[in-house]
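Work through the exercises below with the sequence and the model open side by side. Each task is followed by its solution.

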Amino acid sequence: MEKMPNMDYDADEVINEFKEKIKWPKEKEVQAVVAPGRMPLRILLSLLITAVVGAVAYYMMLPALNIHDIQLYTYLILLVVVFMGSFALVCRANKKIERKEYVKKKSIVPVIIIAVILVFMAVGYIAGVTLFRAQSYSQLMTIEDGDFEADFDEISYDKVPRVDAQRAYTLADQQLGSLSEYKSQYVVSASSTQINYNNTPVRVAYLEYADVFKWLNNTKDGLPAYMLIDLVTQKVTAINCVEKFGEGIKYSPTELFNEKLYRHLRFQYPTELLDTPNFEIADDQHPYWLTPVLDKTIGLFGGTDVKGAIVTDALNGESQYYDIEQIKTDEALSWIDVVYSESLIIEQYNYYGKLKNGFWNSIIFQNDVNVASVGAGNIAMDDDVWVYTGVTSSESDASNFGFILCNQRTKETRYYANGGAIEGSAQQSAQDAVQNYGYMATFPILLGIDGNPTYFMSLYGDGNTVKGYAFVSLEDKTVVGTGLLDVAKSDAGALNSALESYIDALEEKGVADNVDREDVIVDEDEIQGSNSTDITETPDTEEETSTPDTPVSTDTSVTGEVTDIKTSVNDGNTVYYLQIDGKYYYIKVTDAMDVLLVSKGDTVTVEFENNDDTFVPATSLKR
């Protein structure tokens, strides 16, 4: 009898043993390294993919081919990573484990390249840190002592900017809305440049396409105009480039492809470090882009300074590079105003104020350590634009012990040891003086009133329109003088009222004695006469321009000089009454915002429906 086989076993164990024999090996257990076939072709495909991705990335990133540009190293690392990824894909390393091991071994060289780039960047950065190069940083800016009375004597308070950048933008935006030919297609850029034009402080702002569809509809012809804002009279004019120069602005930051300004400049100057372009105009109102060219003077990435500038014709895109010394000395380039940005000036002064006595002194002892106060303003002097900012201690005191002026074209910097209230405190004092109206104050501009350092500010309401003016003493912020348009009935009257009350406060507080008012107070007719000059007109040498003395009337409109202005509030609406040729034409502010900018002596056009009464209801107004 045959013996029965032993059936005493576990079926699960048998199955598991079988699985162990036939299972696919784990990834970590694979030791084989198999090189894919047709390797030259795979490498070529990887290079082609890298080239395509690299071209697209360069078009978008636009790094300078310059060892001082951090973005260049980011771009190079991106290229290496893209090559490694594409090489792995064409070798099908994601499908076959043995090929994955091959790709890993071949990735050693790209990893080494990335490591070398990072080490090079680190060494270059360390070579330029303030810990080791404090003296070099403190010498980026040269400071000279200024004479306050001599330098500020030529700055007339009736010629200083009445509105800041934000208020200028609001005015330009309102004016653009009244121009039917530009309505809905364009918007005013929030970025504007303060320059001197015809010896008057103005801001110039370019237009932007309202959206991508407006760009598609208009990019062929470019931007048709730019906005010119007189910071004294607050008048805004749209300068039509198509009518004046025969073509629109083809190159600007608002374009999308090759006409995009920064990309256009990068292709023209592939190795230069480019700062943010500024929009400026020449004496003939021709629009240009002024792009500062930067240099890194300390280590690899530190000590930013300006070595020149590129002037680009905004209409046709032609560019010319000028060295910084030529810009400073060449009279033909004197129309250029902004080469050194406000942020760069403040940065360089802070290096000087903190590090002139060494790095450790700036951290531990802090002897004679100072920094620029919060905020900065612009004033016009010597036919240039100067940045003004107070100087305070590194502990952010509530007062300044001096201030600096820096020329934005030449970087000439002057220090004035006139201490007093910090700008924010002066703003608060001005606002407290009119707190029942709820008006806000613009950033102060420093002036000299009969030799007394004085902050000047405009007061504005909820609609970003100027409601009055304020003067605050630098030495004693409680010495305040204000003048309001609603009370004085004119811009010139409000300005002189503020100055009169300020002089009274100076004398009452004993800050100044016997101020010569005749030398300070300017006749209102003179203020209005200077303010009514149309800076947008380019004078012709053979033919003088003038405004008509006699009012011109039709059945539905009248154009003439405003000889009187009155205001009233009816049902909560402010109404302006403008006297032209003996009659008063009245209109609500909500119907014509431009009426807020009209002063006695201005020439305006008023449209109406019925002209039979002494007080005529107006339907629209144009300045």
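This is a predicted model: local features need pLDDT of at least 70, side-chain atom pairs count only at pLDDT 80 or more; totals for chains, interfaces and linings use all residues.

**Exercise 1.** Determine where R167 lies and which side chains it makes polar contacts with.

Solution. Start with the secondary structure: R167 belongs to helix 8, residues 165-177. Next, take the accessibility: the relative accessible area of R167 is 9%, under the 20% limit, so the residue is buried. Then list the polar contacts. The R167 side chain meets that of D164 at 2.5 Å and that of Y460 at 3.4 Å. Finally, set aside neighbours within four places in sequence; R167 is then in contact with T442, Y460 and N464.

**Exercise 2.** Classify the ring pair W215 and F257, and state which parts of the chain it ties together.

Solution. The whole structure holds 31 aromatic pairs. In the pair of W215 and F257, the ring centres are 5.7 Å apart and the planes stand at 55°, so the pair is tilted. W215 is in helix 9 (residues 212-218), while F257 is in the loop between helix 10 (241-245) and helix 11 (261-268), so the pair ties together parts 42 residues apart in sequence. W215 is buried at 10% relative accessibility, whereas F257 is partly exposed at 46%.

**Exercise 3.** Do the classification for F456 and F471.

Solution. Their ring centres lie 5.2 Å apart with planes at 50°, so this pair is tilted. It links F456 in strand 20 (residues 452-460) with F471 in strand 21 (residues 466-473), 15 residues apart. F456 is buried at 1% relative accessibility, and F471 is buried at 0%.

Definitions and conventions:
Residues are numbered from 1 along each chain as its sequence is written. Side-chain values use heavy atoms; hydrogens and water are left out. Helices (H or I, at least four residues) and strands (E, at least two) are DSSP runs, numbered from the N terminus. Buried means under 20% relative accessible area, exposed over 50%, partly exposed in between (1.4 Å probe, protein chains only). A polar contact is a pair of N or O atoms within 3.5 Å; within protein, one must be able to donate a hydrogen and the other to accept it, and residues adjacent in sequence count only if both atoms are side-chain atoms. Contact means heavy atoms within 4.5 Å. Rings of Phe, Tyr and Trp (its six-membered ring) pair if their centres lie within 6.5 Å; planes under 30 degrees apart count as stacked, over 60 as edge-to-face and the rest as tilted.
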